[in-house]
Amino acid sequence: MEFKTADEKDFDIAFYFIENLWSYNTYDKALIHKIYNEVINNKDCFAFFITDKGDYKGFCHGDIFNTFWMSGKTCYVSSLITKENERGKGYGKAMLDHVKELAKHRDCKALILDSGLSRTSAHKFYENYGFEKSCYGFEFSL
């Protein structure tokens with residue numbers, strides 16, 4: 001397994017992962033491309049792929065920001081996506097391990113993420129990794 005920092009040439013691969021995790025959404029590819037470029041060019045963000053023998057197995061991206069709640073930097077994992085047929089093979093764990101190291105090097109005090117209510121197998125995975133349920137997530141569409 002290897003980690004590959006996401007770059008402009010990888011957009012179509014990242015888009016594939018995004019569309020497949022949140023398949024209930026419809027995406028404007030041009031808008032996602034713009035957001036992708038903002039992420040890969042922002043020093044407070046990270047985006048990478050996990051590969052195995054040259055095959056892309058997963059994609060992860062997130063943000064590092066200050067919070068009063070944690071009294072310092074927090075690492076938010078926005079996307080942790082493994083190909084459906086590759087789940088259970090250690091790629092998700094490896095990506096979280098990599099994020100944990102990135103966050104430690106940036107002096108973060110915690111990793112946080114959220115997961116859709118229906119994604120019960122993902123919840124089990126996060127809890128087995130060591131995450132604890134800490135809050136309810138809410139959204140308000142504008």
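Start by selecting L80, R119, A122, F125 and Y126: of the 28 residues that line the second largest pocket, these lie nearest its centre. The model on screen is a predicted one. The volume of this pocket is about 510 Å³.

Next, colour the elements around it. β4, α3 and α4 each give two or more residues to the lining of the second largest pocket, and β4 gives the most, with six.

Now move to the largest pocket, which holds about 1,300 Å³ of space. Select L113, D114, S115, C135 and G137, which lie nearest its centre among 32 lining residues. Two or more lining residues come from each of β4 (72-82), α3 (91-105), β5 (111-113) and α4 (120-129). Here α4 gives the most, with five residues. The lining of the largest pocket has 15 nonpolar, eight polar and nine charged residues.

For the last stop, select residues 11-21, helix α1, and residues 29-40, helix α2. Their axes come within 11 Å and cross at roughly 115°, which means that α1 is roughly perpendicular to α2. The crossing is right-handed.

To see where the two helices touch, show the side chains of F11, D12, A14, F15 and I18 on α1, then K29, I32, H33 and Y36 on α2. By class, the residues of this contact are six nonpolar, one polar and two charged.

How values were computed
Residues numbered from 1 in each chain as written. Predicted model: local features only at pLDDT ≥ 70, side-chain atom pairs only at ≥ 80, totals over all residues. Heavy atoms only, no water. Axes fitted to C-alpha atoms, helices over the stretch in contact; angles between N-to-C directions. Helix = DSSP H or I, 4+ residues; strand = E, 2+ residues; numbered from the N terminus. Parallel < 35°, antiparallel > 145°, perpendicular 65-115°, else oblique. Left-handed = near helix turned anticlockwise from the far one by under 90°. Contact = heavy atoms within 4.5 Å. Nonpolar A, V, L, I, M, F, W, Y, C, P; charged D, E, K, R; others polar. 1 Å grid on protein atoms, 1.4 Å probe; cavity = no way out; pocket = protein on both sides within 12 Å on 5 of 7 lines; lining within 4 Å. Points joined across faces, edges and corners; volume = space filled by probe spheres on them.
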